[in-house]
Amino acid sequence: MARESAQQKLERMTQWEKEYWAAGYQVAGIDEVGRGPLAGPVVTACIVVPPDKLVPGVDDSKKLSPKRREALYEQLLQAASYVKVARLEAGDIDRLNILRATRLCMEKCAQGAAGAMFLVDAVAGLDLPGPQKAIVHGDAASYMIAAASIVAKVVRDRWMAEQDALYPQYGFASNKGYGTAQHIQALKRFGPCPLHRASFIGHFLQDHG
């Protein structure tokens with residue numbers, strides 16, 4: 001199969017956006033990063049990139065190399081007419097549960113984009129200041145959601161890498177708090193640190209005895 005050109009990818013990734021741009025809306029994308037890790041915050045981003053300022057190469061953050069994500073992140077911050085990030089820490093996630101924490105972050109980061117049409121990765125029924133459309137696997141199907149996924153991922157990854165200096169035994173610079181074999185082994189050996197989500201790690205510590 002022929003490789004998709006940058007222009008073809010842009011056409012494919014803006015199918016949802018074009019429908020709402022044609023109806024006169026600003027289109028905002030919302031996505032989260034960090035729902036699954038054992039440690040660190042959940043981070044959400046909301047972004048609006050005007051149709052005449054689209055950055056080529058935007059895709060689901062999971063499909064991009066760290067270097068490519070970093071480059072696109074800087075370009076998106078330049079191009080965006082609105083971008084905001086929200087986060088909740090491990091203690092908040094334990095108190096609220098991860099789904100409620102994610103929803104609250106999504107709502108918070110969208111508050112300054114009143115009147116936009118919000119395209120949201122998979123999560124429906126949010127309290128947003130405008131109409132919304134939840135798209136399953138939206139980060140692979142919508143430009144704005146993919147852009148939000150890049151912003152949230154870079155912000156979270158940078159922060160987790162910084163925490164590695166405080167808690168070097170867990171390998172946060174490489175695992176970003178996710179449950180890799182090395183991270184679980186360190187958790188069993190050293191016990192949890194303040195970044196760990198108590199509600200996520202109990203069974204690992206029970207195994208430890």
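The largest nonpolar core of this predicted model holds 32 residues. Within this core, Ile47, Val49, Val58, Leu76, Tyr143 and Ile150 touch the most other members. Two or more residues come from each of several helices: H1 (6-13), H2 (15-22), H3 (66-79) and H7 (143-163). The strands that give two or more residues are S1 (27-33), S2 (42-48) and S4 (117-121). Helix H7 gives the most to this core, with 10 residues.

Leu76 illustrates the packing. Residues up to four places away in sequence are not counted here. Leu76 then touches Ile47, Val49, Val55, Val58, Tyr143, Ala147 and Ile150. Among these partners, Ile47, Val49, Val58, Tyr143 and Ile150 are also named, with Leu76 itself, as the core members that touch the most others. Another core lies apart from the largest one. This other core has 29 residues, including Val48, Ala113, Val120 and Ile184.

The pockets were examined next. The largest pocket has a volume of about 210 Å³. Its lining consists of 13 residues. Glu32, Val33, Gly34, Lys62 and Tyr178 lie nearest the centre of this pocket. The elements that give two or more residues to the lining are S1 and H7. Strand S1 supplies the largest share, three residues. By residue class, the lining of the largest pocket divides into seven charged, four polar and two nonpolar residues.

Technical notes
Residues are numbered from 1 along each chain as its sequence is written. This is a predicted model: local features need pLDDT of at least 70, side-chain atom pairs count only at pLDDT 80 or more; totals for chains, interfaces and linings use all residues. Side-chain values use heavy atoms; hydrogens and water are left out. A nonpolar core is a set of buried Ala, Val, Leu, Ile, Met, Phe, Trp, Tyr and Cys residues joined through side-chain atoms within 4.5 Å. Buried means under 20% relative accessible area, exposed over 50%, partly exposed in between (1.4 Å probe, protein chains only). Helices (H or I, at least four residues) and strands (E, at least two) are DSSP runs, numbered from the N terminus. Contact means heavy atoms within 4.5 Å. On a 1 Å grid over the protein atoms alone, a cavity is a set of points where a 1.4 Å probe fits but cannot get out, and a pocket is an open set with protein on both sides within 12 Å along at least five of seven lines; lining residues have an atom within 4 Å of a point. Grid points are joined across faces, edges and corners, and a volume is the space filled by probe spheres set on the points. Ala, Val, Leu, Ile, Met, Phe, Trp, Tyr, Cys and Pro count as nonpolar, Asp, Glu, Lys and Arg as charged, and the others, Gly among them, as polar.
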